[in-house]
Amino acid sequence: MHQYNIIFICFFVLFTKHFYVDFINQTYEEVKWKGIFGNFIGAKHSIKQGLATGLVLLPWVDNINLLLVIVLVEINVHYLIDYFKAKYGDQDITSKSFWIHLGCDQYLHYLTYLVIVYIIFMEL
């Protein structure tokens with residue numbers, strides 16, 4: 001398989017994982033507590049994102065230390081992005097700024113995946 005196909009598949013799997021954990025699997029309690037820094041219930045969502053990232057990357061990452069670093073960075077970056085959106089973002093879904101804040105949140109998550117995929121495949 002061509003290396004670009006492998007990279008495309010990796011992105012597809014990461015994006016699908018992100019959609020599932022962010023929009024299908026996330027609980028109301030996780031959303032409710034994300035704006036309280038350090039709250040475990042709010043952080044649980046980011047922990048699930050990080051662990052799921054590690055799981056879906058297993059076919060491409062054979063270095064366990066690299067995988068653990070990716071998981072820990074994903075947990076922390078995801079948490080900070082979500083915390084700032086929950087704490088400072090507009091919560092009124094009828095306002096334009098709510099949708100801008102949601103879009104920025106998702107954009108930052110996908111930039112995180114861009115960096116992760118670059119790190120995994122930069123030697124190809």
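Helices (H or I, at least four residues) and strands (E, at least two) are DSSP runs, numbered from the N terminus. The views below show a predicted model, in which local features need pLDDT of at least 70, side-chain atom pairs count only at pLDDT 80 or more, and totals for chains, interfaces and linings use all residues. Residues are numbered from 1 along each chain as its sequence is written, and side-chain values use heavy atoms, with hydrogens and water left out.

**View 1. Leu68 in helix 4.** Leu68 is found in helix 4, which covers residues 64-88. Is Leu68 buried, partly exposed or exposed? Leu68 counts as partly exposed because its relative accessibility is 48%; buried means under 20% relative accessible area, exposed over 50%, and partly exposed in between (1.4 Å probe, protein chains only). Leu68 and Gly54 are 14 residues apart in sequence, and their C-alpha atoms are 7.5 Å apart in space.

**View 2. Ala86 and the residues it touches.** Ala86 also belongs to helix 4. With a relative accessibility of 25%, Ala86 counts as partly exposed. Leaving aside residues up to four places away in sequence, Ala86 touches Lys34, Gly35 and Gln91, where contact means heavy atoms within 4.5 Å. Between the C-alpha atoms of Ala86 and Tyr28 there are 13 Å, and the two residues are 58 residues apart along the chain.

View 3. Rolling a probe the size of a water molecule over the atoms shows where empty space is left. On a 1 Å grid over the protein atoms alone, a cavity is a set of points where a 1.4 Å probe fits but cannot get out, while a pocket is an open set with protein on both sides within 12 Å along at least five of seven lines; lining residues have an atom within 4 Å of a point. Grid points are joined across faces, edges and corners, and a volume is the space filled by probe spheres set on the points. The largest pocket has a volume of about 440 Å³. Its lining consists of 18 residues, and Val31, Lys34, Lys85, Gln91 and Phe98 lie nearest the centre. At least two lining residues come from each of helix 1 (3-24), helix 2 (28-33), helix 4 and helix 5 (96-121). Which helix supplies the largest share of the lining? Helix 5 does, with five residues. The lining has seven nonpolar, four polar and seven charged residues; Ala, Val, Leu, Ile, Met, Phe, Trp, Tyr, Cys and Pro count as nonpolar, Asp, Glu, Lys and Arg as charged, and the others, Gly among them, as polar.

**View 4. Helix 1 against helix 5.** The axes of these helices come within 11 Å and cross at roughly 145 degrees. Axes are lines fitted to C-alpha atoms, for helices over the stretch in contact, and angles run from 0 to 180 degrees between N-to-C directions. Residues of helix 1 in the contact include Ile6, Phe11 and Leu14, and those of helix 5 include His109, Tyr113 and Val117. By class, the residues of the contact of helix 1 with helix 5 are twelve nonpolar, three polar and three charged.

**View 5. Helix 3 against helix 5.** Helix 3 (residues 40-57) and helix 5 have axes that come within 13 Å and cross at roughly 35 degrees. Gln49, Thr53 and Leu57 of helix 3 make the contact with Tyr113, Ile116 and Ile120 of helix 5. Four residues of the contact of helix 3 with helix 5 are nonpolar, two are polar and none is charged.

View 6. Tyr4 counts as exposed because its relative accessibility is 54%. Phe12 counts as exposed at 53% relative accessibility. The C-alpha atoms of Tyr4 and Gly50 are separated by 24 Å, with the residues 46 apart along the chain.
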